Amino acid sequence: MTKIQELIQSGTHPALIAGPCAAESRKQLMDTALALKEIPGLIAFRTGIWKARSVPGDFAGAGDQGLAWLREVKEKTGLKLAVEIASPEHAERCLEAGIDILWIGARTVVNPFIVEEIAASLRDCNICVMIKNPLNPDRRLWAGGIERLQKAGLQNLAAVHRGFDAWSSHPYRNLPLWEIPLDLKREFPELPFICDPSHMGGKRELLHDISQKALDLGFDGLMIESHIDPGKALSDAPQQIAPAELKSMLSRLTVKKQQGESKNTRLEEYRTAIDEIDGQLLELLAKRLDIATRIGDLKKSLNMAPYQPERWESLLNARLDLASSLKLDPEFVKKIFEQLHMESIRMQGPHRFGNL
Ligand code: PEP
Ligand code: MN
């Protein structure tokens with residue numbers, strides 16, 4: 001049975017699991033696998049056989065037929081295979097088909113009932129199972145998924161960080177919130193942590209920087225979606241990358257020697273968290289000002305002045321109450337809201353600017 005920890009440590013390059021988002025055809029799988037085979041560090045070929053889609057009618061994967069194609073890929077390339085499972089039935093079909101690595105996706109990890117059922121169906125099996133983070137930024141739910149599998153006697157586990165669903169996540173598809181996997185890594189020091197920059201970034205242009213960040217933060221490997229012809233991909237086309245481009249992107253990554261956890265690693269982690277929060281603050285600011293502009297248009301059509309003293313007073317008091325419950329200095333918060341208010345008024349009607 002494939003020991004994920006040994007596979008990860010076997011090469012001199014960062015460990016890589018790559019392959020298409022979904023199995024679409026025998027040729028697409030085979031051509032992609034043959035091209036990826038040449039990439040240093042590749043430890044397994046990934047693909048989705050059953051795809052959970054937000055809306056019915058979108059491509060939902062090739063099903064059992066895809067497993068037969070994968071068998072051929074393995075025969076021809078010798079690559080180890082990784083497939084997503086979302087139920088005990090999927091797990092059983094993958095075991096029958098000789099899949100080496102299973103992973104539980106973000107949409108499944110959110111549901112403890114299903115994780116428990118999958119764990120029970122795999123009891124004492126030493127197949128490798130990777131647990132992605134749940135969609136929502138809940139460290140305990142992710143840890144709980146890992147514990148459920150451990151309690152069922154599974155020891156060949158890894159965690160995959162793919163970012164979290166957040167209302168404000170620009171420029172990412174899923175917000176990294178790196179402090180969550182890094183905390184979890186401290187809780188499960190023996191567990192390899194792999195980063196999935198494809199689902200985190202949502203665009204291939206972001207793959208390099210996210211991968212570099214993951215390596216800098218001590219992640220053990222990368223899981224990246226690659227398609228022989230990304231423009232024609234039936235799912236997640238903007239984030240899939242052609243094998244040749246993937247190879248060149250990886251060659252531009254630098255791997256620093258990790259010397260255990262140092263003060264610098266913590267500093268890097270805190271700075272990363274600040275960068276993310278600042279990004280969210282600015283995105284929220286842009287959204288707030290956009291709504292203020294729309295309010296400006298409405299006020300104009302209602303023949304109202306941009307500055308409405310009662311509204312401003314009640315808004316400021318409510319924000320100061322909230323600030324005090326969050327233990328923030330009221331003077332500091334007041335200054336921020338005064339600036340924000342002035343900017344909203346300026347955008348609603350330049351002639352009122354400064355008339356507060
Ligand atoms: C995937 O890796 O194909 C996938 C569906 O990812 P996630 O569960 O992270 O959305
Ligand atoms: Mn995908």
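In which hand does H6 pass H7 in their crossing? The crossing is right-handed. A crossing gets that name if the near helix is turned clockwise from the far one by less than a right angle, and it is left-handed if the turn is anticlockwise. Hold that picture while we walk through the chain.

This is a predicted model, in which local features need pLDDT of at least 70, side-chain atom pairs count only at pLDDT 80 or more, and totals for chains, interfaces and linings use all residues. Residues are numbered from 1 along each chain as its sequence is written, chains are lettered from A and ligands numbered from 1 in the order in which they are written, and side-chain values use heavy atoms, with hydrogens and water left out.

Start with confidence. The pLDDT score is the predictor's confidence in each residue, from 0 to 100. Its mean over the chain is 94. A value of 70 or more is reached by 97% of the residues. Residues 352–356 are another matter: their pLDDT stays under 50. The model gives this stretch 11 contacts beyond four places in sequence. Contact here means heavy atoms within 4.5 Å.

Now the overall build. The chain holds 14 helices and eight strands. These are DSSP runs, numbered from the N terminus: helices (H or I) have at least four residues and strands (E) at least two. The C-alpha trace spans about 75 × 45 × 40 Å along its principal axes. Of the 356 residues, 49% are buried. Buried means under 20% relative accessible area, exposed means over 50%, and partly exposed lies in between (1.4 Å probe, protein chains only). Take the contacts with a separation of 6 or more: 73% of them join residues 24 or more positions apart.

Back to the opening pair. H6 covers residues 112–121 and H7 covers residues 139–151. Their axes come within 9 Å and cross at roughly 20°. Axes are lines fitted to C-alpha atoms, for helices over the stretch in contact, and angles run from 0 to 180 degrees between N-to-C directions. The two helices are therefore roughly parallel to each other. The cut-offs are these: under 35 degrees is roughly parallel, over 145 roughly antiparallel, 65 to 115 roughly perpendicular, and the rest oblique. Pro112, Val115, Glu116 and Ala119 of H6 meet Leu141, Gly145, Arg148 and Leu149 of H7. By class, that contact has five nonpolar, one polar and two charged residues. Nonpolar covers Ala, Val, Leu, Ile, Met, Phe, Trp, Tyr, Cys and Pro; charged covers Asp, Glu, Lys and Arg; the others, Gly among them, are polar.

Move on to another pair. H12 (residues 263–301) and H14 (residues 330–348) pack at an angle of about 45°, with axes 8 Å apart. H12 and H14 are therefore oblique to each other. Their crossing is right-handed. On the H12 side, the contact includes Leu285, Arg288 and Leu289. On the H14 side, Phe337, Leu340 and Glu343 are among the residues. The contact divides into seven nonpolar, four polar and three charged residues.

Ala23 sits in the loop between strand E1 (15–19) and helix H2 (26–36). Ala23 counts as buried because its relative accessibility is 0%. Beyond four places in sequence, its contacts include Gln28, Leu29, Phe59 and Trp69. Ala23 and His227 are 204 residues apart in sequence, yet 9.7 Å apart in space, C-alpha to C-alpha. Within H2, Gln28, Leu29, Met30, Thr32, Ala33 and Leu36 are buried. The buried residues of H2 pack against E1, strand E2 (42–47), helix H3 (64–77) and helix H11 (243–251).

Finally, the backbone. Most residues other than glycine have a negative phi, and most peptide bonds are trans. Some places here depart from that pattern. The bond from His170 to Pro171 is cis, with omega near 5°. Pro171 lies in the loop between E6 and H8. Tyr172 is in that loop too, between strand E6 (157–161) and helix H8 (179–187). Tyr172 is partly exposed, at 26% relative accessible area. Phi is positive at Asp124, near 60°. Asp124 lies in the loop between H6 and strand E5 (128–132), and is exposed at 58%. Phi is also positive at Asp236, near 50°. Asp236 lies in the loop between strand E8 (221–225) and H11, and counts as buried at 19%.
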